[in-house]
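Look at the sequence and the structure together.

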Amino acid sequence: MMIKLLVSGIDDGYFPLDYKKGKGKCPLVSVTYNGYNIVDVDFDMILVDGKDGTEKFQGLRKGDIIIFDSIIVGGFNYIKPEKNYIIFYSSRPNLNSILYAASEHYNDERVDVIKTYLSNMIEVSTKYGSVYINTDLDIYVARNIIEYYQVFSKIPEPIKTAHIIGKSIGQSHVVSD
């Protein structure tokens with residue numbers, strides 16, 4: 001199956017633990033693919049444990065469909081998806097642990113957003129095994145997109161590439177501070 005839409009992977013990047021509680025920033029990266037070709041990369045810096053994830057995400061260049069490597073980014077910063085999204089986990093997230101950690105430190109809307117999206121994860125069987133997603137797309141379409149980009153492993157290439165770039169930007173940002 002050839003994907004004719006632009007598909008973006010979204011992931012955050014590396015940050016040292018002393019950046020927690022708003023003491024530093026980390027990258028939020030968008031990598032856009034057309035088929036198996038990378039056609040665009042964009043990033044911005046988000047506050048670790050901040051609330052600017054959604055706003056910074058909205059300002060990034062991205063494709064027609066978004067695959068998120070979680071909506072929890074930069075510690076407990078978060079992104080509220082809008083449309084044509086797939087929130088992807090390669091294994092079932094432990095919702096109770098995540099919500100406990102979030103509510104221990106933050107008594108705000110991020111806990112509700114995380115609960116809303118992660119409590120509605122569904123298991124989908126793919127050629128590399130079961131994955132867990134939340135999507136506003138038809139499940140068949142979402143599964144086909146995931147499988148198309150599962151080239152070498154369970155993790156789709158757009159989010160794998162965003163992860164690698166985010167890690168590199170984050171590490172180089174720390175070195176340059």
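The points below are grouped by topic.

The model is predicted. Its largest nonpolar core has 32 residues, and the structure holds 9 salt bridges.

**Nonpolar cores**
- Within the largest core, L28, F68, I87 and L118 have the most contacts.
- Two or more residues each come from strand 2 (25-34), strand 4 (65-68), strand 5 (72-73), strand 7 (85-89), helix 2 (95-105) and helix 3 (109-118).
- Helix 3 gives the most to this core, with 5 residues.
- A second, separate core has 20 residues, including V31, V131, I145 and I159.

**Salt bridges around D108**
- K51 and D108 form a salt bridge through their side chains, with N and O 3.5 Å apart.
- This pair links distant parts of the chain, 57 residues apart: K51 lies in the loop between strand 3 (37-47) and helix 1 (53-59), and D108 in the loop between helix 2 and helix 3.
- K51 is partly exposed, at 48% relative accessible area, whereas D108 is buried, at 17%.
- D108 also forms a salt bridge with R110, where the closest N and O atoms are 2.9 Å apart; both of these residues are buried.
- Through shared partners, salt bridges join K51, D108, E109 and R110 into one network.

**Helix 4**
- At the start of helix 4, a side-chain oxygen of D138 comes within 3.0 Å of the backbone nitrogen of Y140.
- The buried residues of helix 4 (residues 139-149) include A142, I145 and Y149.
- R143 and E147 form a salt bridge, with their closest N and O atoms 3.5 Å apart.
- These two residues are 4 residues apart in helix 4, so about one helical turn separates R143 from E147.
- R143 is partly exposed, at 27% relative accessibility, whereas E147 is buried, at 16%.

Notes:
Residues numbered from 1 in each chain as written. Predicted model: local features only at pLDDT ≥ 70, side-chain atom pairs only at ≥ 80, totals over all residues. Heavy atoms only, no water. Buried < 20%, exposed > 50% of the residue type's maximum accessible area, 1.4 Å probe, protein only. Polar contact = N/O pair within 3.5 Å; in protein donor to acceptor, adjacent residues only side chain to side chain. Core = buried A, V, L, I, M, F, W, Y, C linked by side-chain atoms within 4.5 Å. Salt bridge = Lys/Arg side-chain N within 4 Å of Asp/Glu carboxyl O.
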